[in-house]
Amino acid sequence: MTPSSHPPKDPLALIFAYRAIDLRDRFPQPLESFREALECLQSERSYMAAMSGEIIAYLRGGYSLTIPDEFFIRRSGELDATLVPPEENDAVCAKVQAWLRKTLTRRDVDTTKGVPAEERPYSLDQLLAQCNPQAPNPDELKAWQDMPDVGREILEAPTETDIWQAAERLFESREGAERWMTSPEIALRGRTPADVVVEDPQLVYDLILRLEYGVFRR
């Protein structure tokens, strides 16, 4: 980290804000604490947070750290995941604070390198702009936020045709869809979508939607 003439006594003072991210991106506002971000993901308003939940700490100067999700997501297999229950929040917050203090003081962790805007959900300027409660949302964002839980999703498990149509829509061609369906995918623990779709078509369909709306970056 770059030394300053007056470094903060507590490394946590370097953190400007936190942000919680779920599948529908329903929490765009900056939050003051990790606990608030965790409670957002645990709330009834969150959407599939156990599958897609992220919490990011924004540092002063526009830099950021992603909190490892193993602190707040419990995985019992390749596909099964749940958020920690609220009664464990005190212990989780203590562990995250200890991790942040250690990480922010390690010499081999470069927090001075800015994260390109296209690689983070929101730039610092965008977060600051959202602090104005009077600022109107773009029509596209308002339409997405107001969309009911059953919209582009399918009430029953998606069929193979549904999944291929969604993949072709995302990659704009049958060839692109075939290439993606047969390639290992990090979000599927290195398995190909074609393999996973046999046992869990909904998981593959949801992943396509996440890629389509930019919630998940490959």
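## Exercises on a predicted model

Residues are numbered from 1 along each chain as its sequence is written, and side-chain values use heavy atoms, leaving out hydrogens and water.

**Exercise 1.** Find which residues of helix 3 are buried, and where they lie around its axis.

*Solution.* Start with the element itself: helices (H or I, at least four residues) and strands (E, at least two) are DSSP runs, numbered from the N terminus. In helix 3, the buried residues are Asn-89, Val-92, Cys-93, Val-96, Leu-100, Thr-103 and Leu-104. Seen down the axis, they fall within an arc of 95°, so they line one face of the helix; the arc is that of the directions from the helix axis to the C-beta atoms. Next, look at what covers them, which includes strand 1, helix 1, strand 2, strand 3 (63-66) and strand 4 (73-75).

**Exercise 2.** Identify the residues that Phe-34 touches, leaving out those up to four places away in sequence.

*Solution.* Take contact as heavy atoms within 4.5 Å. Phe-34 then touches Tyr-18, Ile-55, Ile-67, Phe-72, Val-92, Cys-93 and Val-96. Phe-34 is also one of the buried residues of helix 1, together with Ala-37, Leu-38, Cys-40 and Leu-41. These cover an arc of only 155° around the axis, which puts them on the same side of helix 1.

**Exercise 3.** Describe the salt bridge between Arg-35 and Asp-90, and say how exposed each partner is.

*Solution.* A salt bridge is a side-chain nitrogen of Lys or Arg within 4 Å of a carboxyl oxygen of Asp or Glu. The side chains of Arg-35 and Asp-90 meet this rule at 2.7 Å, N to O. The pair links distant parts of the chain, with Arg-35 in helix 1 and Asp-90 in helix 3, 55 residues apart. Arg-35 is partly exposed, with a relative accessible area of 31%, whereas Asp-90 is exposed, at 55%.

Methods:
Predicted model: local features only at pLDDT ≥ 70, side-chain atom pairs only at ≥ 80, totals over all residues. Buried < 20%, exposed > 50% of the residue type's maximum accessible area, 1.4 Å probe, protein only.
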